[in-house]
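Trainee: I would like to go through this structure by question and answer. Please keep it brisk.

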Amino acid sequence: MNSPVDPGARQALRKKPPERTPEDLNIIYSYLHGMEILSNLREHQLRLMSTRARYERYSGNQMLFCSETIARCWYILLSGSVLVKDSMVLPPCSFGKQFGGKRGCDCLVLEPSEMIVVENSKDNEDSILQREIPARQSRRRFRKINYKGERQTIIDGVDINNYLSLPADLTKMHLTDNPHPQVTHVSSSQSGCSIASDSGSSSLSDIYQATESEVGDVDLTRLPEGPVDSEDEEEEEEEIDRTDPLQGRDLVRECLEKEPADKTDDDVEQLLEFMHQLPAFANMTMSVRRELCSVMVFEVVEQAGAVILEDGQELDSWYVILNGTVEISHPDGKIENLFMGNSFGIVPTLDKQHMHGAVRTKVDDCQFVCIAQQDYWRILNHVEKNTHKVEEEGEIVMVHEHRELDRSGTRKGHIVIKATPERLIMHLIEEHSIVDPTYIEDFLLTYRTFLETPLDVGIKLLEWFKIDNLRDKVTRIVLLWVNNHFNDFEGDPAMTQFLEEFERNLEDTKMNGHLRLLNIACAAKAKWRQVVLQKASRESPLHFCLTGGSEKGFGVFVEEVESGSKAADAGLKRGDQVMEVNGQNFENITLAKALEILRNNTHLALTVKTNIFVFKELLSRTEQEKSGVPHIPKIAEKKSNRHSIQDVPGDMEQAPQ
């Protein structure tokens, strides 16, 4: 099989970093820039990665790294597969500790595999996965309002230490109960923000901290990762704790203070990460938020009691509160309080609009972002140009939204935002754009909310498998499904039957490499469960048959279960491997001894796990074939990580050339 790596990039990555020319670095950068798994990394991160990454090729059945060794690098899997903890990693996916320290588990290369190895930064080096903190080179410009409502524009040369810093906490947000036409209000359930405290004091720094802690390592790395070794909760908290909230605050404020024309792609992304927490932006599409972030202006009111807008004053902007509390005194005497995340001002039209009531600050250091009327109208009334509706028989069955990940236009495409259940299933085998690389993972995680049974998906996959040009894609979907959501199969007899039929299809089409990966995934993901049976007497029949045993080189398996029996009702299934009975280990026991224990006890507590593929191997394997079958490692039962899959190589018997 041909290597998936571009030959020019592979040659450049094989060179030692000191020997790489500027042309080599540009080739590596272009290759990394085009990888979907790295699409969320920014230019300076990819440039730095280009100086530290290298290409490696590994043979199958070898240890890549061992537990307790120092993590000096992490990996991007390009082809093949590896086993990390209890998860099989499929390409393209990243794995390994990205901040150094000791590794928490072993990693086994299952088949010939190609990887990009990225060296972790040393103490005196910049980290690839940290945000860049640029020196201020753009014009600083924002507005201040005094207690009389007079606006002052602050430009470069004004000491930023003269105004208050950014205190507070995202959890101190309050939401108004009675919005008027000029105030946008979104409930906490819609916004995902919590409500607590009575101070109403909130700010940039803690929204930023909340954003960081919500997404944890993913936000720091910007990478959709596979299982990362030694990623327990305590270590994750430690890594989050090492981030500097003041640094986050300064970054966001610096982005806000820039002239709209000076905002870079990184600035806009920084603001997007921050603004998505606010209710005012909750129901907007990503493209609308991005455009609003590119034109917003920062405004500060230092004193409580300052009049921001007077009753009857002509409006020219839409305001969103970032910190503090304001009150609106309506002409009828009604008082309305607005808090962080609420908005007020114009509606998206070009008509003249006037304020109904006076708006005053209630606390010191109120902060806002403002969008000019012309920009607000233009952005919100041109949403249609960024959406595409798919119609069938006169009905809309799918809606795409166009998104651009940078202003260069090289990373753009459509993402599905609405669709019928049937159309969402169909989209599994369609091409996914660079801006929506994890559609399959997202679908498998959420389908339970709109489908009655997973068999609806399974039936379509079996139909599509019969089509030659869809076979590899369908196999990738099933591998990912088994690896990330095996509970969907072992707890549902119909889905177990689907998996058996799919396995037969792989055998019939000679897709031995994919079949081996499926076997490993099933063995790794199956969980132990307990089946309790009560016999009337020792002579009572078991109502199920066993096969296997250590004399055959296998464990003890359930060969048949009598339909309608107590064993079937208790959940015992054909293909279950018996791990323990009444606390006695059955993993290395003869069949005769196993039957003796089962027959001599009236109370049977069986610990079993689904292992249908090893069971089928047991049935078909002869004594002469025993030594030629690869060993399937036993996997410890630990919490697995959800990870991304984009492509699986064809059956590789030799290392790629």
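**Aromatic core and charge pairs**

Mentor: Tyr447 and Trp481 are both buried, where buried means under 20% relative accessible area, exposed over 50% and partly exposed in between (1.4 Å probe, protein chains only). This is a predicted model: local features need pLDDT of at least 70, side-chain atom pairs count only at pLDDT 80 or more, and totals for chains, interfaces and linings use all residues. Residues are numbered from 1 along each chain as its sequence is written, and side-chain values use heavy atoms, with hydrogens and water left out.

Trainee: How many aromatic pairs does the structure hold?

Mentor: Rings of Phe, Tyr and Trp (its six-membered ring) pair if their centres lie within 6.5 Å. Planes under 30 degrees apart count as stacked, over 60 as edge-to-face and the rest as tilted. The count for the structure is 18 aromatic pairs.

Trainee: Which residues do ring pairs link into a cluster?

Mentor: Tyr447 and Trp481 belong to it.

Trainee: Over which ring does the charged end of Arg471 sit?

Mentor: A charge sits over a ring if NZ of Lys or CZ of Arg is within 6 Å of the ring centre and within 35 degrees of the ring normal. The charged end of Arg471 is 5.1 Å from the centre of its ring. That ring belongs to Phe465.

Trainee: How many salt bridges are there?

Mentor: Side chains of opposite charge can pair when their charged atoms come close. The rule asks for a side-chain nitrogen of Lys or Arg within 4 Å of a carboxyl oxygen of Asp or Glu. By this rule there are 17 salt bridges.

Trainee: How many residues apart are Glu269 and Arg290?

Mentor: Their side chains form a salt bridge, at 3.0 Å from N to O. Glu269 is in helix H9 (residues 265-275) and Arg290 in helix H10. Glu269 and Arg290 are both buried. The pair links distant parts of the chain, 21 residues apart.

Trainee: Arg423 forms a salt bridge with which residue?

Mentor: The closest N and O atoms are 3.6 Å apart. Arg423 lies in helix H12 (residues 421-426) and its partner in strand E20 (residues 387-392), so the pair ties together parts 31 residues apart in sequence. The partner is Glu392.

Trainee: Which residues of helix H11 are buried?

Mentor: Helix H11 spans residues 373-380. Its buried residues are Gln373, Tyr376 and Ile379.

Trainee: Why do the buried residues line one face of H11?

Mentor: The test looks down the helix axis, and the arc is that of the directions from the axis to the C-beta atoms. The buried residues line one face because they fall within an arc of 140°.

Trainee: Which elements do the buried residues of H11 pack against?

Mentor: Contact means heavy atoms within 4.5 Å. The partners are helix H10 (286-295), strand E14 (317-323) and strand E19 (366-372).

Trainee: What separates Arg378 and Asp375 along helix H11?

Mentor: Their side chains meet in a salt bridge, 3.3 Å from N to O. Arg378 is partly exposed at 31%, and Asp375 is partly exposed at 21%. They are three residues apart in H11, which means a separation of about one helical turn.

Trainee: How many disulfides are counted?

Mentor: A disulfide is a pair of cysteine sulfur atoms within 2.5 Å. The count is zero. Cys105 is in no disulfide, and its nearest cysteine sulfur, in Cys107, is at 7.2 Å. For Cys293, the closest cysteine sulfur is in Cys255, too far for a bond at 9.9 Å.

How values were computed:
Helix = DSSP H or I, 4+ residues; strand = E, 2+ residues; numbered from the N terminus.
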